[in-house]
Protein chains: 2
Amino acid sequence: MDNAIKTVALDELAVGDRFLSREFPLNTEQIKAFARDFDPQPFHLDEAAAAQSFFGGLAASGWHTAAITMRLMVESVPFADGLIGAGVEISWPRPTRPGDVLHAESTIIGIAPSKSRPDRGIVTLQTDTFNQDGEPVQKLVSKILVFVRGAGGLP
Amino acid sequence: MDNAIKTVALDELAVGDRFLSREFPLNTEQIKAFARDFDPQPFHLDEAAAAQSFFGGLAASGWHTAAITMRLMVESVPFADGLIGAGVEISWPRPTRPGDVLHAESTIIGIAPSKSRPDRGIVTLQTDTFNQDGEPVQKLVSKILVFVRGAGGLP
């Protein structure tokens with residue numbers, strides 16, 4: 001019996017296909033740990049400094065929101081050879097805060113088979129990340145390299 | 001005496017201003033640790049699986065390259081009220097590999113003062129991340145909210 005999640009390859013995808021992630025709860029310690037490693041600015045590290053800043057309180061790095069979104073995409077978008085990004089556009093319409101519970105909703109908005117290499121193509125995926133109040137905290141459009149079944153090298 | 005790094009505010013910036021980061025050495029354990037947390041795909045976690053994949057060997061998550069680049073930007077782009085991103089565009093022209101030594105070169109390519117709020121504006125910053133061979137591993141264009149001196153809330 002095959003207990004693995006069913007994967008989909010390029011020839012099995014359609015514009016409009018949607019993928020919903022699980023929920024991801026985010027706390028203060030995670031926000032500060034990511035910021036210490038990758039975005040050590042006062043509004044991501046210190047409540048008092050953040051209260052005086054543009055954010056008006058502690059906020060996660062946008063790159064942390066992006067990284068969490070990628071985790072949720074890896075778990076919920078079952079492309080057979082993985083998610084290999086060629087490029088992305090991101091906007092952060094509002095901050096992610098301690099205590100937020102995030103989830104990601106992904107929709108295929110474009111499929112462009114390669115003209116020169118028939119085993120692959122570029123899928124354009126729109127992924128919106130929402131907090132527990134249904135407010136978008138990140139809007140992401142990704143160009144993802146996708147292969148036809150068996151061409152991408154992963155088992 | 002003021003030993004702090006000299007900062008610059010919106011009214012002190014010009015198109016063409018450039019900022020060069022330090023070097024950041026990246027190893028296998030860092031690549032796998034980031035991938036375990038945020039991008040658990042075989043080509044970021046396992047040498048044997050990566051060798052069979054599109055990447056032909058272990059590669060860092062593009063989001064790891066982006067997060068490292070942010071760290072280098074925070075250290076090298078001295079905007080007085082920090083780096084507050086409204087949105088970005090990213091492409092990854094080649095993978096980042098274990099043993100790579102990265103640095104980031106940032107250039108102001110646009111300054112748009114707000115028409116409604118004279119204390120702030122949007123600075124467009126192009127940041128290219130290079131490996132030790134001078135090859136670009138990431139191209140980033142960021143829209144950053146920047147304040148005139150004293151308006152952004154940070155001390």
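**Strands of chain B**

I began with strand S3 (residues 84–91) of chain B, which runs antiparallel to strand S6 (residues 136–147) of chain B, joined to it by seven bridges. Strands here are DSSP runs of E with at least two residues, helices are runs of H or I with at least four residues, and both are numbered from the N terminus. Two strands pair if DSSP finds at least two bridges between them. This is a predicted model, in which local features need pLDDT of at least 70 and side-chain atom pairs count only at pLDDT 80 or more, while totals for chains, interfaces and linings use all residues. Residues are numbered from 1 along each chain as its sequence is written, and chains are lettered from A and ligands numbered from 1 in the order in which they are written.

I then looked up single partners. Glu89(B) has Val141(B) in S6(B) as its bridge partner. Strand S5 (residues 120–130) of chain B also pairs with S6(B), antiparallel, over 11 bridges. There, Arg120(B) is opposite Phe147(B). Five residues separate S5(B) and S6(B) in a hairpin. In its turn, Gly134(B) has a positive phi of about 75°.

**Between the chains**

I turned to S3(A), which pairs antiparallel with S3(B) over five bridges. Glu89(A) faces Glu89(B) across this pairing.

How many residues does each chain bring to the contact? Chain A gives 33 residues and chain B gives 33 residues (C-beta atoms, placed from the backbone, within 7 Å). On the side of chain A, helix H2 (42–45), helix H3 (47–52), helix H4 (62–76) and strand S3 (84–91) each give two or more residues.

How values were computed
Two residues are in contact if their C-beta atoms, placed from the backbone, lie within 7 Å.
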